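Here are some friendly notes to read alongside the structure. Take them one at a time, and find each place in the picture as you go.

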Amino acid sequence: MAGWLDWLMGQRNKSADQAKERLKLVLINDRTDLSPAQMEQLKNDLLAVIERYIAIDPARVHITMSQEGREHRLLADIPLKPAPRKR
Amino acid sequence: MTASVITFTSGKGGVGKTTTTANVAVALALLGKKVVCIDGDIGLRNLDLVLGLENRIVYDVVDVVEGRCRLRQAMIRDKRLPELYLIPAAQTRDKNALSPSDMVRLCDELRPEFDFICIDSPAGIERGFRNAIAPADQVVVVTNPEVSAVRDADRVVGLVEAEEKGPARLILNRVNPAMVKRNEMLSPEDVLELLAIDLLGIVPEDENVIISTNRGQPIALNGKTRAGEAFHNIARRLNGENVPLMKLDDRQDFFSKLARMMRSGGS
């Protein structure tokens, strides 16, 4: 059983998988003309704007790029902090 | 008769564009189609050499466009086949000697006389590439299962779409089934998922390609090799036939899965 698991882990780390993962990221950058640094900046700006209006939980924020065919979509999952009751 | 213009391009150099253009053209001619190839790589011509017609060049495509000869005079007939012609590139000029509208006019003149016009695009995404895709009815992107080739192919697919010449279809060249099996080479499925375009064919790595190119006899001329068979299948698909992907050694289940992907439109 352990041997089989090792084999499975080994398979997942073969060079073809690395190639695919690296390409996925680089193709998103190429297609959107957005470098990883700019992407990071976009996330920060986006959160800053939202934070002006509502309290969010920055530790649980997920902003990702999803691909469907040759179309990309920016997905933002931004959990809000429970608003403190003032009354 | 009105020809379909097929442009073979890749972005990256050295992936087998010229070899693919030559062999698909030969295979189409063996199907009884009337075919003309145009070498779009001005200054670095090679389609003549791969086809084995390098000794018969008198005029080239720039001579035609600049009016130094008639179109007929620049067309070299391949005597091994009933109806295959080559219009060679100029070797001592640069890619600015032609414009996209020159290529459109040239193809419009050829269209009524042929079934297929196969254009071999130069590497890169500048003038030569734009010349090659300007007259295209369909664009075929050739790539290898390697990170740099796939990345460049993706750029080209995007540019082809932007020029409204899409959707491009993919030929994955030089696939090594043993390496794919060991998971040390991107599989055709991986590449299709990354590029998100339809598959036209897979050509296995085959040392006979180099041997036949050494001799100036395109591998598709004597179709008893893996790569030769792959090029014949591609030609039949371009001719509108529904040809299943060939089985490569022991990768039967894997390739039949791919065949299903192709039938469902590749994605």
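Predicted model: local features only at pLDDT ≥ 70, side-chain atom pairs only at ≥ 80, totals over all residues.

1. **Where the two chains touch.** Next, look at the contact, which takes 16 residues from chain A and 15 residues from chain B. On chain B's side, helix 7 (147–162) and helix 9 (188–195) each supply at least two residues. Helix 7 of chain B gives the most to this side, with six residues. Sorted by class, the side of chain B that touches chain A has six nonpolar, four polar and five charged residues.

2. **A helix pair across the contact.** Now follow helix 7 of chain B to its partner in the other chain. Helix 2 (residues 15–32) of chain A packs with helix 7 of chain B at an angle of about 30°, and their axes are 10 Å apart. Angles under 35 degrees count as roughly parallel, so helix 2 of chain A is roughly parallel to helix 7 of chain B. The crossing of helix 2 of chain A with helix 7 of chain B is right-handed.

3. **Who meets whom in that pair.** From helix 2 of chain A come Ala19(A), Arg22(A), Leu23(A), Val26(A), Leu27(A), Asp30(A) and Arg31(A). They meet Val147(B), Val150(B), Arg151(B), Asp154(B), Arg155(B) and Gly158(B) of helix 7 of chain B. By class, this contact has six nonpolar, one polar and six charged residues.

4. **A helix pair inside chain B.** Helix 1 (residues 17–30) and helix 11 (residues 226–238) of chain B pack at an angle of about 65°, with axes 8 Å apart. That angle makes helix 1 of chain B roughly perpendicular to helix 11 of chain B. Here, too, the crossing is right-handed. Asn23(B), Val24(B), Ala27(B) and Leu28(B) in helix 1 meet Phe231(B), His232(B), Ile234(B), Ala235(B) and Leu238(B) in helix 11. The contact of these two helices has seven nonpolar, two polar and no charged residues.

5. **The two faces of helix 5.** In helix 5 (residues 100–110) of chain B, the buried residues are Met103(B), Leu106(B) and Cys107(B). They sit on the same side of the helix, because they cover an arc of only 95° around the axis. The face turned away from this buried side carries the exposed residues Ser101(B) and Glu109(B). What do the buried residues of helix 5 of chain B pack against? Their partners are strand 1 (4–9), helix 3 (61–65), strand 5 (116–120) and helix 6 (127–133) of chain B.

6. **A residue in a loop.** Finally, find Val58(B) in the loop between helix 2 (47–51) and helix 3 of chain B. Is Val58(B) buried or exposed? It counts as exposed, because it has 10 C-beta neighbours inside 10 Å. Val58(B) and Leu28(B) are 30 residues apart along the chain, and 25 Å separates their C-alpha atoms.

How values were computed: Residues numbered from 1 in each chain as written. Chains lettered and ligands numbered in written order. Contact = placed C-beta atoms within 7 Å. Helix = DSSP H or I, 4+ residues; strand = E, 2+ residues; numbered from the N terminus. Nonpolar A, V, L, I, M, F, W, Y, C, P; charged D, E, K, R; others polar. Buried ≥ 20, exposed ≤ 12 C-beta atoms within 10 Å, placed from the backbone. Arc of directions from axis to C-beta. Axes fitted to C-alpha atoms, helices over the stretch in contact; angles between N-to-C directions. Parallel < 35°, antiparallel > 145°, perpendicular 65-115°, else oblique. Left-handed = near helix turned anticlockwise from the far one by under 90°.
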